[in-house]
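What follows is a short walk through one structure, taking a single side chain and then a pair of packed helices. Please keep the sequence and the model in view while reading.

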Amino acid sequence: MSAPIFVTGAAGFIGMHVANRLLEQGRTVVGLDSYNDYYDPALKEARAARLDGRTGFKMIRGDIAEPGFVNEIVRTRGVRRIIHLAAQAGVRYSLDNPFAYERSNLAGHLSILEAARHNAIEHLVYASSSSVYGSRPLGGAGFREDDPAVSPVSLYAATKRSCELLSESYASLYAIPQSGLRFFTVYGPWGRPDMAYFKFAQKLARGEPIEVYGEGKMARDFTYIDDIVDGVVGVLDVTPPDGSHEVYNIGDSSPVGLMEMISTLEQALGMTATKRMLPMQPGDVPATYADITKLNRLIGYQPKVMIDEGLQRFAAWWRDYY
C-alpha cells in the first residue's frame with residue numbers, strides 16, 4: 001500500500017472534498033481537524049461523517065499548532081505527501097480575534113514545515129489565498145503570481161503571505177519541495193456558512209434582508225469546489241524538484257459582479273432578497289481575478305463549472321441539508 005497522504009483541515013469545506021477525491025482514487029488519507037467553533041461544528045461533523053469508516057481513511061482530532069503532535073502523526077503514519085488546508089479563515093473575524101490567526105495560520109503552518117523537515121516529505125501542497133494581492137481596482141488584467149504581494153489589507157491576508165514566505169525559506173534551507181495555491185473565492189455544496197453566498201441563502205430562507213457590502217460594486221472570481229479539487233490533486237501529483245517552492249493561482253479566471261451573483265442565487269433558490277446596501281467593510285477588496293496561465297501550463301488546469309450551474313448545485317445541496 002502506498003504511503004498515506006496527510007490532509008489537514010479534513011473536516012473543512014475544501015479539505016473534505018479533497019479527501020473524498022483522494023479516497024475515490026483509491027489512495028490512503030490521514031485527516032486532521034480541530035473542529036473549532038468558528039462556525040457551527042455540526043456542519044464539520046457532518047462533513048467528517050461522509051469520510052469516516054471508508055476504506056483507507058483515518059481522522060484525527062487535534063490542534064495543527066502543536067508541533068510535537070503534528071510531527072508524531074507524520075512520523076508514525078509514514079506520511080510522504082501533505083496537503084495543508086487547515087487555517088483560520090475569514091477577513092472580518094480577524095478584526096476581533098487576531099490571535100486565532102497567529103495560532104492557526106502562522107504557528108500551524110510552521111508545525112507542518114517542521115514535520116516536513118524532519119520526515120523526508122516528498123511534496124507539501126498548502127493553501128494560500130488571493131487576498132495576498134491586496135486591494136486592486138475593478139477591471140484590468142487578472143492577478144499574476146509575479147505581481148507584488150506586499151500590501152495586505154487584512155490580518156488574514158498578512159498571515160497567508162507570511163506562510164508563503166515561511167515556505168520559501170524552508171524550501172531553501174531544507175530542500176522541501178512545496179507548492180502554494182492561492183485560492184480564489186471557493187464556493188459550492190458543504191461550503192462555509194461565513195461566505196457571502198451561504199449567508200445570503202440563510203437570510204433569504206428566514207425572510208431577512210441581506211447586507212450587500214461595497215454597495216454591490218465588487219467582483220469575485222467565484223471558483224466551484226470541484227474545479228478547486230481538480231487543481232489541488234493535480235498539483236499534488238507533480239512533485240517539484242528538491243528545494244523548489246512554487247506559488248499558483250487557482251481560480252475561475254472569470255470574475256462575477258456581486259449583484260450578478262446575488263441575482264443568480266435568487267434564481268437558484270426561487271426567492272427574492274431585500275437588499276441593504278452598505279459601504280465597503282475594513283479588510284475587503286474591490287475585486288479578485290485569477291490569471292491561471294501558470295497552473296494551466298503545469299497540469300492543464302481549466303475550470304469547468306460556471307457560476308449559474310455551481311449555485312444551482314449549491315442550492316440543491318442546501319435545501320437537502322437544511
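A polar contact is a pair of N or O atoms within 3.5 Å; within protein, one must be able to donate a hydrogen and the other to accept it, and residues adjacent in sequence count only if both atoms are side-chain atoms. The model is predicted: local features need pLDDT of at least 70, side-chain atom pairs count only at pLDDT 80 or more, and totals for chains, interfaces and linings use all residues. Residues are numbered from 1 along each chain as its sequence is written, and side-chain values use heavy atoms, leaving out hydrogens and water.

The side chain of Glu 114 makes such a polar contact with the side chain of Arg 117, at 3.1 Å. Glu 114 lies in helix α5, residues 98-118 (helices are DSSP runs of H or I, at least four residues, numbered from the N terminus). With a relative accessible area of 22%, Glu 114 is partly exposed, the class between buried, under 20%, and exposed, over 50% (1.4 Å probe, protein chains only). Apart from neighbours within four places in sequence, Glu 114 is in contact with Asn 71 and Tyr 170, contact meaning heavy atoms within 4.5 Å. Glu 114 and Tyr 174 are 60 residues apart in sequence, and their C-alpha atoms are 9.9 Å apart.

Now to the helix pair. Helix α1 (residues 13-24) packs against helix α8 (residues 225-236) at about 60°, the axes being 10 Å apart. Axes are lines fitted to C-alpha atoms, for helices over the stretch in contact, and angles run from 0 to 180 degrees between N-to-C directions. The residues meeting here include Phe 13 and Ile 14 in α1, and Ile 225 and Asp 226 in α8.

Definitions and conventions. Helices (H or I, at least four residues) and strands (E, at least two) are DSSP runs, numbered from the N terminus.
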